[in-house]
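Have the model open and follow along.

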Amino acid sequence: MTSKRDSKIAAMLRAGATYDEVRRQLKVGNTAIIRVRYSYTITSPRAKRSADDLARAEAQAVGMLRAGATHASIRAATGLNSNKIAELRRENRIPIPLKNRKPRLVAVDEAFRSYTRSGTDGHVLWIKPAGSRTFDFKASGGRYNARRLAFEQHHGRPPEGRLRRTPDCAIPNCIAGAHHADNRISDRHGSPYEPGSDRPTLTSCPSPTSPLAAS
Ligand SMILES: [Zn+2]
């Protein structure tokens, strides 16, 4: 279900706010931000349009919904995605066709959890789905990467470039966000890492088994 808080998170992300800014302003955690980013299909933390542009597009979409326009025509006219349009329907109490409701995120979260075990020292072990040779898994028609989801949950931003385990973690199938470095972290620290304030360490991941669960 979409709450007012989720709408605010989505609006900030679309306006180009960083996770840090969203966390401070709305007093929410990374889990909530990531869930909104996926459920609203916000593809990048950097918005492509200004808050004013977005407000105009939303007003137009609401008018079209009230006039009975299809989602496809509203998408074409406003550039908003279906999730956003559905959200506007709910906010403005314009009836939602039941067939449009999607259990997608619940399925992703349940799939992630079913392939994950908590280990000692903050390790989070990935139990591959049958037929998979990577950290990818399928859920509800989509493909997701468990390691990248875990990184995003821990670091409060999507990973940039390649993900590698930090030298501290010797467990090949560990996906803990705290035990991985992306290009941004590696560029800063090199390998092996020099001591630094944001050096990845073997601390426990706060929510190792549920990156998308509602908070
Ligand atoms: Zn580990």
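Just after H1, Gly 16 takes a positive phi of about 95°. Helices here are DSSP runs of H or I with at least four residues, strands are E runs of at least two, and both are numbered from the N terminus.

A word on ground rules: this is a predicted model, where local features need pLDDT of at least 70, side-chain atom pairs count only at pLDDT 80 or more, and totals for chains, interfaces and linings use all residues. Residues are numbered from 1 along each chain as its sequence is written, and side-chain values use heavy atoms, with hydrogens and water left out.

## The whole protein

The protein's secondary structure comes to 9 helices and 6 strands. Of its 215 residues, 42% count as buried, meaning under 20% relative accessible area, with exposed being over 50% and partly exposed in between (1.4 Å probe, protein chains only). The accessible surface is about 11500 Å², and carbon and sulfur atoms own 51% of that; the areas come from the Shrake-Rupley method with a 1.4 Å probe, and for residues only the protein chains shown count as cover.

As for contacts (heavy atoms within 4.5 Å), take those in the protein with a separation of 6 or more: residues 24 or more positions apart account for 58% of them.

## H1 and its neighbours

H1 (residues 4–14) packs on H2 (residues 19–26) at an angle of about 145°, and the two axes are 10 Å apart. Axes are lines fitted to C-alpha atoms, for helices over the stretch in contact, and angles run from 0 to 180 degrees between N-to-C directions. From H1 come Lys 8, Ile 9, Met 12 and Leu 13, and from H2 Tyr 19, Glu 21, Val 22, Gln 25 and Leu 26. By class that's 6 nonpolar, 1 polar and 2 charged, where Ala, Val, Leu, Ile, Met, Phe, Trp, Tyr, Cys and Pro count as nonpolar, Asp, Glu, Lys and Arg as charged, and the others, Gly among them, as polar.

Which residues of H1 are buried? They are Asp 6, Ser 7, Ile 9, Ala 10, Met 12, Leu 13 and Arg 14. The buried residues of H1 pack against H2, H3 (30–39), H4 (51–66) and H6.

## H3 against H8

H3 and H8 (residues 146–155) pack at about 130°, with axes 8 Å apart. H3 and H8 are therefore oblique to each other; on this scale, angles under 35 degrees are roughly parallel, over 145 roughly antiparallel, 65 to 115 roughly perpendicular, and the rest oblique.

On the H3 side, the contact uses Asn 30, Thr 31, Ile 34, Arg 37 and Tyr 38, which meet Leu 149, Glu 152, Gln 153, His 154 and His 155 in H8. The contact of H3 with H8 has 3 nonpolar, 5 polar and 2 charged residues.

## H5 against H6

The axes of H5 (residues 71–78) and H6 (residues 82–91) come within 10 Å and cross at roughly 110°. That makes H5 roughly perpendicular to H6. His 71, Ile 74 and Arg 75 of H5 make the contact with Ser 82, Ile 85, Ala 86 and Arg 89 of H6, a set of 3 nonpolar, 2 polar and 2 charged residues.

## A loop residue to check

Ile 171 lies in the loop between strands E5 (164–165) and E6 (180–181). Ile 171 is partly exposed, with a relative accessible area of 28%. Leaving out residues up to four places away in sequence, Ile 171 touches His 123, Leu 125 and Arg 165.
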